[in-house]
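Open the model in your viewer and keep the sequence panel beside it. The tour moves from one selection to the next.

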Amino acid sequence: MQDQLFAHWRVDADALRSLLPDAVRLQTHEGAGWLGITPFRVGALRLRGTLPLPRVSSFLELNVRTYVTAGGKPGIWFFSLDASSRLAVQAARRTYKLPYFPARISATQHGEWLEVDSARVGNRQGPHVFSARYRPRGEESHAAPGSLEEFLVERYCLYTVDERGRLRRAEIHHPPWPLRPAEVTIELNTMSPGELALPNEGSLLHFARVQDVVVWPLERVPDA
């Protein structure tokens, strides 16, 4: 992953909880729910032991996520994942049962600033658009143990449900995130799920230049 922005908003826990399936439990931090929007570039995506494939291995992506537990194991719940590669969308939907959508996404560098524009295509449920510019500020560091930053970014599995409504989990391996504070200007954001309203101010913003991530295959989560 490259040039990743972590933009997080503190949101009402009950409103966020109502958008989740019963199979997972919303994880809060000091009583609050958190919604994250994360644009980034995927580079050299491939299965273990294979070479990257053109048009599938490198593309732009925009995720909307929150934080949950199942069986006491913390993880990520994705409300949506928009990607600029239709082939990647199709492959991820089949392989990981995640709500991927095709989107027109551009990322343009202007000095220190990166301008990202994303618009979902073929969507009948209203526009899903994100337009922002961001740049890193300050020194790079890792999230302190027990901090809000650790709660938000140091996540080592994802959850989803399959076609039969069964809960699935994929383990995620990566080093600690190399975080820097970020300066962000959001021009338009209609990515929040359901009727969830995001405040214009008060977001928690971080930037990571590059991170190597390994996502393992899905496994069935035993019923509690």
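**Stop one: a serine in a loop**

Select Ser192 and show its surroundings. Leaving out residues up to four places away in sequence, Ser192 touches Leu35 and Leu198. Now display side chains. The side chain of Ser192 reaches the backbone oxygen of Leu196 at 2.8 Å. Ser192 belongs to the loop between E11 and strand E12 (204-210). Is this serine buried or exposed? Ser192 has a relative accessible area of 18%, so it counts as buried; the cut-off for buried is under 20%. Keep in mind that this is a predicted model.

**Stop two: strand E11**

Select residues 180-189. This is strand E11, and Leu188 is found in it. Colour Leu188 and look for its partners. Setting aside neighbours within four places in sequence, Leu188 is in contact with Val129, Phe130 and Ser131. Leu188 has 42% relative accessibility, so it counts as partly exposed. Next, draw a C-alpha to C-alpha distance from Leu188 to His8. The two residues are 180 apart in sequence, and the distance in space is 15 Å.

**Stop three: two positive phi angles**

Go to Glu30. Glu30 is not a glycine, yet its phi is positive, at about 55°. Glu30 sits in the loop between strand E2 (25-26) and strand E3 (33-42). With a relative accessible area of 70%, Glu30 is exposed.

Then select Lys97. Lys97 also has a positive phi of about 55° and is not a glycine.

**Last stop: the whole chain**

Zoom out and switch to cartoon. The chain has three helices and 13 strands.

Of the contacts between residues at least 6 apart in sequence, 65% join residues at least 24 apart.

Now show the surface. The chain exposes about 11,900 Å², and carbon and sulfur atoms supply 50% of that area. Of the 224 residues, 47% count as buried.

Finish by colouring by charge. There are 27 positive and 25 negative side chains. The centres of these two sets lie 8 Å apart.

Terms used:
Residues numbered from 1 in each chain as written. Predicted model: local features only at pLDDT ≥ 70, side-chain atom pairs only at ≥ 80, totals over all residues. Heavy atoms only, no water. Helix = DSSP H or I, 4+ residues; strand = E, 2+ residues; numbered from the N terminus. Buried < 20%, exposed > 50% of the residue type's maximum accessible area, 1.4 Å probe, protein only. Contact = heavy atoms within 4.5 Å. Areas by Shrake-Rupley, 256 points an atom, 1.4 Å probe, with all protein chains shown as cover. Lys, Arg positive; Asp, Glu negative; His and termini not counted. Charge placed at Lys NZ, Arg CZ, Asp CG, Glu CD. Polar contact = N/O pair within 3.5 Å; in protein donor to acceptor, adjacent residues only side chain to side chain.
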